[in-house]
Amino acid sequence: MASQLPSKILIIGSTGVIGKYITAAILSAKGASIPSLSSVSILTSASTVSNPDKESLLSTWKSKGLSVITGDIHNADDVGKAYTGIDTVVSCLGRGGLLEQIDLLKWAEESDSVKWFFPSEYGTDIEYDESSNDEKPHQNKLKVRKYIRENLKKVKVTYVVTGPYLEMYLFKKPGLDVAGGFDAGKKDAVLVGDGEGKIGVTTMPDVGKLVAAALAHPEASQDKILKVQSFVTTPKEILAEFQKQTGVQFKVDYTPIDKLEEAEQKLWAEGNPAAALLTLRRIWASGKTLYEKTDNEVIGLKPEDMETLDFVVKKAINGEGW
Ligand SMILES: NC(=O)c1ccc[n+]([C@@H]2O[C@H](COP(=O)([O-])OP(=O)(O)OC[C@H]3O[C@@H](n4cnc5c(N)ncnc54)[C@H](OP(=O)(O)O)[C@@H]3O)[C@@H](O)[C@H]2O)c1
């Protein structure tokens with residue numbers, strides 16, 4: 001499908017944290033920025049379909065033309081049926097489901113119709129430099145990339161690398177102040193490093209917008225690792241925005257990178273799953289979200305198309321989550 005626009009898209013993991021934003025953006029692109037798009041469907045689990053918390057989301061989407069297919073991603077027949085007639089698959093599976101994508105990719109390669117696959121990435125650059133290969137949180141995504149490089153011939157792939165989600169980056173994880181973050185209620189903040197390190201971030205609605213833009217530009221995105229983001233900022237710039245909008249000086253602490261690394265090693269040694277967050281925060285604070293140039297423009301997005309720091313800080317102050 002050299003540079004052919006997508007016509008029938010299947011999303012897997014659509015109701016998850018980032019899947020919601022990606023699915024909403026793809027539905028909005030139907031009949032708009034992706035004129036070729038004739039159908040959008042999701043493959044989701046029976047437990048999600050019967051989950052009362054997800055009922056209104058699914059019915060809103062259905063009213064916008066979404067088809068819901070219930071099935072098990074581990075079952076070849078269920079996936080084969082969901083793939084029927086589909087040309088493009090967008091996976092938004094959570095960390096626990098990353099390796100399940102190897103079968104999903106194998107079945108995509110065997111299917112008569114699937115020609116394009118977006119593996120679940122939407123985060124940190126897992127091949128930023130040589131050290132990336134050893135980072136524990138990257139291992140499953142690295143295995144998926146290896147499988148793709150060694151096995152896929154027909155199906156084209158697009159990886160969308162967005163860096164940290166700003167909404168999550170702003171919040172302090174309870175009991176884990178060392179990781180950094182901002183508390184608009186208590187008017188305090190913990191900045192990682194000296195607070196002046198640049199970091200490339202993406203807002204969650206912008207992740208959806210960037211995936212839809214990648215789908216609308218197959219010539220620029222197929223068989224590519226797209227490095228995209230909303231904008232570059234620093235912890236001190238974020239702090240200044242919180243202080244400007246609240247009119248209050250925050251109490252500020254710092255976590256030097258070596259302290260962060262110490263805490264990270266300790267949590268890994270204890271088998272605490274929060275260790276992954278500290279590893280990612282250390283990677284982000286070390287400049288590994290920065291590029292001379294991002295790929296935003298090649299998929300048609302300009303700086304003014306992206307959300308802004310003041311907008312996201314305002315939402316955080318108003319207590320809006322994600
Ligand atoms: N950049 C960042 O700051 C950041 C932050 C968070 C996540 N991410 C990345 O975004 C991607 C999606 O993560 P997420 O947090 O949005 O996912 P999530 O909410 O944990 O899960 C997404 C969906 O995956 C489906 N799923 C099916 N089997 C699964 C399994 N065994 N394990 C996990 N999920 C399963 C479920 O959908 P159904 O119920 O519909 O079947 C679930 O709702 C990942 O690649 C993750 O690394 C990046």
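How many helices and strands does the secondary structure of the protein come to? I find 13 helices and 12 strands, taken as DSSP runs (H or I, at least four residues, for helices; E, at least two, for strands).

A note on my source: this is a predicted model, where local features need pLDDT of at least 70, side-chain atom pairs count only at pLDDT 80 or more, and totals for chains, interfaces and linings use all residues. Residues are numbered from 1 along each chain as its sequence is written, and side-chain values use heavy atoms, with hydrogens and water left out.

Next I looked at overall extent. The C-alpha trace spans about 60 × 40 × 40 Å along its principal axes.

Then I turned to the ligand. I see 26 residues surrounding the ligand (a heavy atom within 4 Å), and the closest are I18, T44, T48, S120 and K141.

Which polar contacts did I look up (pairs of N or O atoms within 3.5 Å)? T44 has a polar side-chain atom 2.5 Å from a ligand oxygen. For G97, a backbone N or O atom lies 3.0 Å from a ligand nitrogen. At Y165, a polar backbone atom is 3.1 Å from an oxygen of the ligand.

Last, I checked cover: the ligand alone exposes 890 Å², and the protein buries 77% of that (Shrake-Rupley method, 1.4 Å probe).

Terms used
Polar contact = N/O pair within 3.5 Å; in protein donor to acceptor, adjacent residues only side chain to side chain.
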